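Here is a short report on one protein chain.

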Amino acid sequence: SSLLPKLLTHLHSHYSEPLTLQELADYSGFSKTHFCRWFKKQVGESPMDYLNTIRLQKASQLLHQTRLTLLDIALCCGFQSLNYFSRKFKEYFGYPPSSVRLSPSDHSGNSQNP
């Protein structure tokens, strides 16, 4: 069906908003339980894990390309708290977001990181 591409586009367009599982289930027309099961079967991870992945990848781009504070980046990528953002970032990338800002080599302008 065409629901999955439409839903993924929705997630990529609205990642910065405080999306809830209920809203995503409503958007898809499923119950929360059915939605979670369906999404995981289609994509291979839970809807919230997928959403966090989008948010973390965007946050990484902003860390490398802007001078926004960690809090501003967390908030504009849809995270409600800096602690949660930092914990998820470290789980995903293997290093804390603050370390990106400590290393001047990350801002040398080379385009090896997409």
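## Overall make-up

Read from the N terminus, the elements of the chain run α-α-α-α-α-α-α. That gives 7 helices and 0 strands. The model is predicted.

Buried residues account for 32% of the 114 residues in the chain. Contacts also reach along the sequence. Of those between residues at least 6 apart in sequence, 55% join residues at least 24 apart.

## Confidence

The average pLDDT of the chain is 90. A score of at least 70 is reached by 88% of the residues.

## H1 against H4

Two packed helices are described by the angle between their axes and the distance between the axes. Helix H1 covers residues 3-14, and helix H4 covers residues 47-65. Their packing angle is about 45°, and their axes lie 9 Å apart. An angle between 35 and 65 degrees falls in the oblique class, so H1 and H4 are oblique to each other. The crossing of H1 past H4 is right-handed.

Which residues meet here? H1 brings Leu8, Leu11 and His12. H4 answers with Tyr50, Leu51 and Ile54. By class, this contact of H1 with H4 has 5 nonpolar residues, 1 polar residue and no charged ones.

## H1 against H3

H1 also packs with helix H3, residues 32-43. The angle is about 95°, and the axes are 12 Å apart. Angles of 65 to 115 degrees count as roughly perpendicular, so that is how H1 and H3 stand to each other.

On the H1 side, the contact is made by Leu3, Leu4, Leu7, Leu8 and Leu11. On the H3 side, Phe35, Trp38, Phe39, Gln42 and Val43 take part. The class count for H1 with H3 is 9 nonpolar, 1 polar and no charged residues.

Leu8 and Leu11 of H1 are among the residues that touch H3. Leu8 and Leu11 also meet H4.

## Ser46, between H3 and H4

Ser46 sits in the loop between H3 and H4. Is Ser46 buried or partly exposed? Its relative accessibility is 21%, so Ser46 counts as partly exposed. The cut-off for buried is under 20%.

Leaving aside residues up to four places away in sequence, Ser46 touches Phe39 and Lys40. Phe35 is 11 residues from Ser46 in sequence. In space the two are 9.6 Å apart, C-alpha to C-alpha. Phe35 and Phe39 also belong to the H3 side of the contact with H1.

## Two buried positions

Thr53 lies in helix H4. Its relative accessible area is 17%, so Thr53 is buried. Which residues does Thr53 touch, not counting those up to four places away in sequence? They are Glu45 and Tyr92.

Val100 has its place in helix H7, residues 97-102. With 1% relative accessibility, Val100 counts as buried. Val100 and Ser60 are 40 residues apart in sequence. Their C-alpha atoms are 8.6 Å apart in space.

Conventions. Residues numbered from 1 in each chain as written. Predicted model: local features only at pLDDT ≥ 70, side-chain atom pairs only at ≥ 80, totals over all residues. Heavy atoms only, no water. Axes fitted to C-alpha atoms, helices over the stretch in contact; angles between N-to-C directions. Helix = DSSP H or I, 4+ residues; strand = E, 2+ residues; numbered from the N terminus. Parallel < 35°, antiparallel > 145°, perpendicular 65-115°, else oblique. Left-handed = near helix turned anticlockwise from the far one by under 90°. Contact = heavy atoms within 4.5 Å. Nonpolar A, V, L, I, M, F, W, Y, C, P; charged D, E, K, R; others polar. pLDDT = per-residue confidence, 0-100. Buried < 20%, exposed > 50% of the residue type's maximum accessible area, 1.4 Å probe, protein only.
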